[in-house]
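Visitor: I would like to learn how to read a structural model feature by feature. Could you take me through one, with the general idea before each case?

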Amino acid sequence: MNTALKVHMPEPLCLIENVKGQLRPNQKALEILSAITQPVVVVAIVGLYRTGKSYLMNKLAGKNTGFSLGSTVQAHTKGIWMWCVPHPHKKDHTLVLLDTEGLGDVEKGDNQNDCWIFALAILLSSTFVYNSMGAINQQAMDQLHYVTELTDRIRARSSPDQEDEGEDSAEFVSFFPDFVWSLRDMTLKMEVDGVHVTADEYLENSLKLKEGTCKEAEKYNLPRLCIRKFFPKKKCFIFYPPTEWKKLSQLETLQENEIESDFLKQVAEFCLYIFNHCKAKTLPGGIPVNGPRLESLVLTYVEAICSGDLPCMENAVLALATIENAAAVQKATAHYDQQMSQRVQLPTETLQELLDQHRTCEKEAIEIFLRTAFKDEDHSFQKELGSQLEERWDDFCKRNLEASSNRCWALLQDIFRPLEEGVRQGTYSKPGGYFLFVQDTQRLKKKYYGEPKKGIQAEEVLQTYIQSKEAVSNAVLQTDQSLTKKEKEIEVERKKTESAMAAAKLMEETQKKNEKLMEQKEKSYQEHMRQLTQKMENDRIQLKAEQERTLALKLQEQKQLLQEGFREESRKLQEEIKNVEKRYKEKMDHMQAESSKTTAKIMEEMQRKYDQMMENKEKNHQEHVRQLMEKMERERAQQIAEQEKMMTLMLQEQELLLKEEISEKRRKHQKEIEEIEAKNREILLKLETAQAQSSETRQMFQEMEEMNLKIMRQKEKTFEDYVKQLTEKMDADTARLMAKQEEILTKKLQEQKEIFNKKLMNQNKNHEKEIRNIKMKKNNSPCSVM
């Protein structure tokens, strides 16, 4: 930064131009200010023209030349000139020197322009140097009439109370600069009533009031009272003539041996005091001013003057706050983005890892915002910061999921490539191929689990991949001829159970992930609340310190007035002190009310978030129950369908076996009948060929034929009875099998129902426990404590 200043400001530059009585800011000078991020110590010098102001400012810059001294009777400097240099004694500070055009130039015609130059020097500086010639006398005081007109030129508040006419000096003390009076070409002895006094004692004595009520006394006292009341800290320096009057016009070109040593010593003391004791520029509330803030003040004040309004400190601070707070939001979010990008390597192994980094970066971002922002009374900018950080957090979560999914899919495709190649090449299409397939799958899954940096999608992506290969696994299982039908059924059931357990585990992990994300939102609001509460407390402490400092100065001034015998002025000052105390109490009450209001708003916001979180939890819970119900119903329907299919197959097999058995029996029965008929034909043929047939023989044949018919009818009846028994047995076996299958299905459904009810009961218990924990957290939160 210092290097940049040396390059860009080798010499002064006009900050506020004065063209034909119209003031306007110089854009080049504003650009230089906008680049200064350090706190600035602003020293402005004001005085009559041709009184050597520029010489002192050059010395403060560490140069002999720079600000134009001029050597004629005409005023040389126009407007307000600026020179920014590194502060020689305060590290990381910039010294901004403001040299103003001389007051009282007869060529101007009126003093309106002088009044505005004087007022701007007061408003912009942290140390105000008034430069005059000779001793402090009534003429010197009369030339300070600009001080008495300050209350007509500057406002502290945008809408002062009607009862506070003119805004008493206490309003200005909080932002007025320190006052330094430099007396040039002093030739009188530093004695008062024959006693030697210091420059500061001389100033204090010169500011004493004159007793009396006449207009002359009032005219005498008015500028003195204004200086005593407006400027809390006063300092005086005297300077002897630097050289003989003939050489004064060449002062900046003279060698040191040509200048009076006492004068050089006095200049050195003046510079040393400015370097060591002059404070950085601040706004009410202790807000430090840097280059961009000083730029904003210049623009605001000059715009007000040009538009015919009075420069108002409160309006300037509010305008600056709007700009600064918007920039603070950008700075805080930029820090969050930068730190998250540097600290987080996507994908994170766990969600908690990402959460921890987010909370750290979010806390730092809020700290940066609150350290930079001010006057965010309705907390709109902090709400905007919260919204932007939440959007960025959601984006990081999304990117983390995508990075994890991409990493896991790439790993799975690489790790399971040999398995897929084996399936295509028919490696597992053989007896025992299925168990080889399962063994290889488990081995590759173990290898996958061992790979690092998979992220939070590792299990979900794996299950999705396994499910996508379910058809391949089933095909390998069904083509494995070494497995019995029963073994295949058992393996199918095992795979279903394993898949259901994996789905339940994944669902549980998803629910835990959602709970963590909702818990994070709650902690974000608590962090905003904690830091905001701390900032509001710090603001109250700062306000209290400012008011105490103001009161101390007022009481000291009142004491001095009483000692000098000015009771009426003391009484008026006492009224001002009461007004200060009253306004201090009003401000504290207002801040307390704002604090309560802010707390109430945040409580309301947190309550809304709590309600939303509870609603989300309830929705997640209901969705979880619905998914379990649907899953149970699907499994039940699938089991019933499988049981019906199995029963149909078994009945078809039994019917086929029965038909084959009946067919075999019928074939055997037909064969026996054919054999008996063949024998009967053979016997008849023998009997017919016999020559002698007796009646007894015919009777025997007849009896044999009857016997054969009887045997055939008996066999026919036996076959019919056998078929009937087989049919009855098949019906009985079918009924028994159906009953057994129904019993098994009922038992399985009952077991699933009990498991489901148990899960549902545990879910409800956990849900109620979470609700109680959230309510306890809410009751123990900082909001409830406040």
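Visitor: Where is the place of Gly285?

Guide: Gly285 lies in the loop between strand E11 (282–283) and strand E12 (287–288); helices (H or I, at least four residues) and strands (E, at least two) are DSSP runs, numbered from the N terminus. This is a predicted model, in which local features need pLDDT of at least 70 and side-chain atom pairs count only at pLDDT 80 or more, while totals for chains, interfaces and linings use all residues. Residues are numbered from 1 along each chain as its sequence is written, and side-chain values use heavy atoms, with hydrogens and water left out.

Visitor: Is Gly285 buried, partly exposed or exposed?

Guide: Buried means under 20% relative accessible area, exposed over 50%, and partly exposed in between (1.4 Å probe, protein chains only). Gly285 has 34% relative accessibility and therefore counts as partly exposed. Gly285 and Ile541 are 256 residues apart in sequence, yet 9.6 Å apart in space, C-alpha to C-alpha. For the chain as a whole, buried residues make up 41% of the 786 residues.

Visitor: What is the order of the strands in the open sheet?

Guide: Strands of a sheet pair through backbone hydrogen bonds, either parallel or antiparallel. Two strands pair if DSSP finds at least two bridges between them. Here the open sheet has 8 strands in the order E2-E1-E4-E5-E3-E6-E7-E10, with mixed pairing. Its edge strands, each pairing on one side only, are E2 (22–25) and E10 (234–238).

Visitor: Which strands pair with E6, and in what sense?

Guide: Strand E3 (residues 40–47) is joined to E6 by 5 bridges, and these two strands run parallel; Gly47 stands opposite Asn131 in E6. E6 also pairs with strand E7 (residues 178–184) in the parallel sense, over 7 bridges, where Val129 has Val180 as its bridge partner and Ser132 stands opposite Leu183. Because 6 of the 7 residues of E6 (residues 127–133) are buried, this strand is largely enclosed by the rest of the structure.

Visitor: How do helices H14 and H15 cross?

Guide: Two packed helices are described by the angle between their axes and the distance between the axes. Axes are lines fitted to C-alpha atoms, for helices over the stretch in contact, and angles run from 0 to 180 degrees between N-to-C directions. The axes of H14 (residues 351–372) and H15 (residues 380–415) come within 11 Å and cross at roughly 155°, so the two helices are roughly antiparallel, a term for angles over 145 degrees.

Visitor: Which residues of H14 and H15 meet?

Guide: Contact means heavy atoms within 4.5 Å. Among the residues that meet are Leu354, His358, Glu362 and Phe369 in H14, and Phe381, Gln382, Trp393 and Asn400 in H15. By class, this contact has 12 nonpolar, 3 polar and 1 charged residues, where Ala, Val, Leu, Ile, Met, Phe, Trp, Tyr, Cys and Pro count as nonpolar, Asp, Glu, Lys and Arg as charged, and the others, Gly among them, as polar.

Visitor: What should I note about the backbone at Pro347 and Asp92?

Guide: The peptide bond from Leu346 to Pro347 is cis, with omega near 0°, and Pro347 is found in the loop between helix H13 (313–343) and H14. Asp92, in the loop between E4 and E5, has a positive phi of about 60° although it is not a glycine.

Note on methods: Parallel < 35°, antiparallel > 145°, perpendicular 65-115°, else oblique.
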